[in-house]
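Try each task before you read its solution.

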Amino acid sequence: MVKITINEKQIEVPEGTTVLRAAETAGIYIPRLCDHKELTPYGGCRLCIVEVEGARVPMASCTLPVNNGMVVRTETESIKKSREFILSMLFSERNHFCPFCQVSGGDCELQNAAYHEEMTHWPIQPGWSDFKVDTTHPYFILDNNRCILCRRCVRACGEMVGNFTLSVAERGAASIIVADTDVPLGESTCIKCGTCVQVCPTGALIDRVSAYQGHDESLEEIKSVCAGCSVGCSIKIMVRNNRIVRIEGDWEGAVNHGLLCEHGRYDPVTESRKRITAPQMRKNGKLEIVSWDEAMSAVASQLMENKNEIAAIASTRLSVETLTAFKELFAEKFQSKHVTSVEEGVPTEVVTRFAQTHEGFEGKLDVLRNADTVMCIGANIHHSHMVAGFMFKRNLSKGTRLITIDPESSELDYMANISLKTQPGSDLALIRGLQAVIVQEGLGRTPLSLPDAGQLIEKAVRATGVSLEELKQTAELLARSISPVILFGKGITAQRDESLIEELHRLAVLVGAVDSERHGLLSIKGESNSLAATLLGMDTTFELNGQKVVYAAVGDDYVSRSLTERASKASYLVVQASYESKLTEQAHVILPVTIWAEQEGHHINLDGRIQTTHKAITAPEHVRENITVLNEIALRTNMTLKSDWQKAILARKSSVTLN
Amino acid sequence: MNKPKIASDWMCGCAGCHMSLLDMDERILQVIELADLRSTPITDLKEPDESGVDVGVLEGGINNSANEEVAHKMRKRAKILVALGDCAVFGGVPAMRNFCGVEAALRQAYMDADSNEPGSQIPNDPELATMTKTRAIHEVVPVDFNVPGCPPDADVIFHVLAELAQGRKPELKNDLLHWH
């Protein structure tokens, strides 16, 4: 611990703390602009200057580590004057005329800093240089005229997201933020995660949807969890007049630490599907709006008449509570042998099957942060589960190595040290081949006997189309790593071959990805409640086998064409959905239900974290909650649902520890 | 009793700051009780007394030779000069034209805009004021108090005038400090 004095206040902080953070712990506010608690200190704006006893000049407190006995003053006359001068320089650099900026009036950190210094004006006038505004991006606008060159966006893009799209071009007063080699943002390598917009202190990066929709203080902020994919990012839903204005990443989020992907941040505010706001029933071949009572009694009588002949399918975006109720209603009460999810267990079933003999064999997402080698096999993490990708992408420039193995190519390949394009269905041969090379070269961390190693290598080369040299390089890179992580996805799980998981696990043990302390093997799964669905046993392929009634609780999910075709074969189709789709077009009864932000519940993410989503907006008048509809069906058929989800998810052994 | 004299005028602004002044409603009577309101653009007397006033208030920035004259006259005749509103303090919205220059702005306004008759010309009557770059008042004459806001709230204007009329320095902070 180091003892320092700030504004005559004695404080003690750990060594290595910056003066700025030390002051924060003592409740002393030092104005700052380029500093952001999730980014490495940069010392660019100089607004955080302080007086240090014995120092010749004022020093930037954001980059200054504490020293024992240091005496710091933050509010002396000369510091205040300097701060005002620095702000005057920032204002006079570009077009900082507040009346026509959407962040003016509370959301601009530059303006707030000037108010903090009680500045009524700035004495230096601008140079009137004009910068082009980049409006090519679908979600935000880059206006360099309002930029103060704090480089928060540049740092966020590189340090946090690992995409390195944004950078600074030109020098001095002509410096501008550019994408890639100064190409329009909309045509750049930007992956549209919007983190840069979230960290921008001024109006230089403007969110297209939420701009001019009200200042933060007029918005209601509801903390929740993204229902997009199984990563389970913490979000803040910003609401005004029962409308979602913007989604922000929650800096306090345990999984994502403030980061979000394009889908999490922008899909909810650019939703274009047509909402279903009243129950509908097919009469004389046409769907007509009916009362809830009429719709529900029709559904109840159909279900009662066709007991034992029902197939039920639910979205994995629904809460665990809803999925549990769904499973109980159809599997137990209506004795249906065909209760599954819209994902049909593709990303999870084989993993859970393997877990029955290897409980908790998967690791936690956090292992990705410290991995020195990541092997992605059958997992296009650039396309789905993006935020999990950020966790290691940002380390690639610091030496973390990436191996991608997939028949299809992806953007991730360009960042990979080794990218193997394998023949479809050759994964088992490849994994065994990798094991064999490691055993043959004596690089294994644990003993493994493979008498036919030579044959396995030969077979791997033949089946995968990968050269022997590539195979050896991959095996050596993996085996020589200190903290390797193996990440697998649908490319592997969709094959539903348990031996694939077994061999991957063996490989992970062999290279030390999995040992008594580390758990560096994980699958990325699918939608937000993929894991819950498989734990509830809702992970079988959906194929009608004489069932007459199909009950599809799809909520706000998208339904694939193939599933729609299969479900439409039923002689009676009930669809519980929020939006119109090809499936609802085929329905005999449509029951309108809430979307993710209109309901509460629990979601279990890919590494077993049980998280709560919160209700942010109120549903349209005739729309009911997913679980309410299920409970009412039970009531109308003289049943009651216990729906004890905490107990229900323990029915099967889980591949990850739940917490 | 000799009440302090206040005069005001407007230059390159939109008159919004003077509208905001009127927004103080019945409190304007309190101001008149405390001070002698002399020339303003919205009363009969149009020029500050030659004998001088105590407080001169100017709205708007300076973008032509006529405004320069108004500013110099007010500065000469007022003991204390107040710049009222964002245009007076920073240049404000009219200063946007500095990014393209006077020539381009005039061409757009009088010739290139779709609403202009074909063949329209930029007026060049020698009696017209000469256009200049748009400037904040403090770039042309010294200013004693800058009161930002677009427009400044009636509360802010009342505070400033009441403080000055009672011989105090007006302080703008917290709720009273807004640039909009």
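**Exercise 1.** Work out how enclosed strand S24 (residues 572-577) of chain A is in this predicted model, and find what it pairs with.

*Solution.* 
1. Start with burial, taking 20 or more other C-beta atoms within 10 Å as the cut-off for a buried residue. In S24(A), 6 of the 6 residues pass, so the strand is largely enclosed by the rest of the structure.
2. Look for partners. Strand S23 (residues 549-555) of chain A runs parallel to S24(A), with 6 bridges between them; Ala577(A) is the bridge partner of Gly555(A).
3. Strand S25 (residues 589-592) of chain A is also parallel to S24(A), joined by 4 bridges, and there Leu591(A) sits opposite Gln576(A).

**Exercise 2.** Which residues of helix H15 (residues 498-510) of chain A are buried, and what covers them?

*Solution.* 
1. Check the geometry: the 13 residues span 18 Å between first and last C-alpha, close to the expected 18 Å.
2. Pick out the buried set: Leu500(A), Ile501(A), Leu504(A), Leu507(A), Ala508(A) and Leu510(A).
3. Their cover includes helices H9, H11 and H14 and strands S21 and S22 of chain A.
4. Step past the end: just after H15(A), Gly512(A) has a positive phi of about 85 degrees.

Note on methods:
Residues are numbered from 1 along each chain as its sequence is written. Chains are lettered from A and ligands numbered from 1 in the order in which they are written. This is a predicted model: local features need pLDDT of at least 70, side-chain atom pairs count only at pLDDT 80 or more; totals for chains, interfaces and linings use all residues. Helices (H or I, at least four residues) and strands (E, at least two) are DSSP runs, numbered from the N terminus. The expected span of a helix is 1.5 Å times one less than its number of residues. A residue is buried if 20 or more other C-beta atoms lie within 10 Å of its own, exposed if 12 or fewer, and partly exposed in between; C-beta atoms are placed from the backbone. Two residues are in contact if their C-beta atoms, placed from the backbone, lie within 7 Å. Two strands pair if DSSP finds at least two bridges between them.
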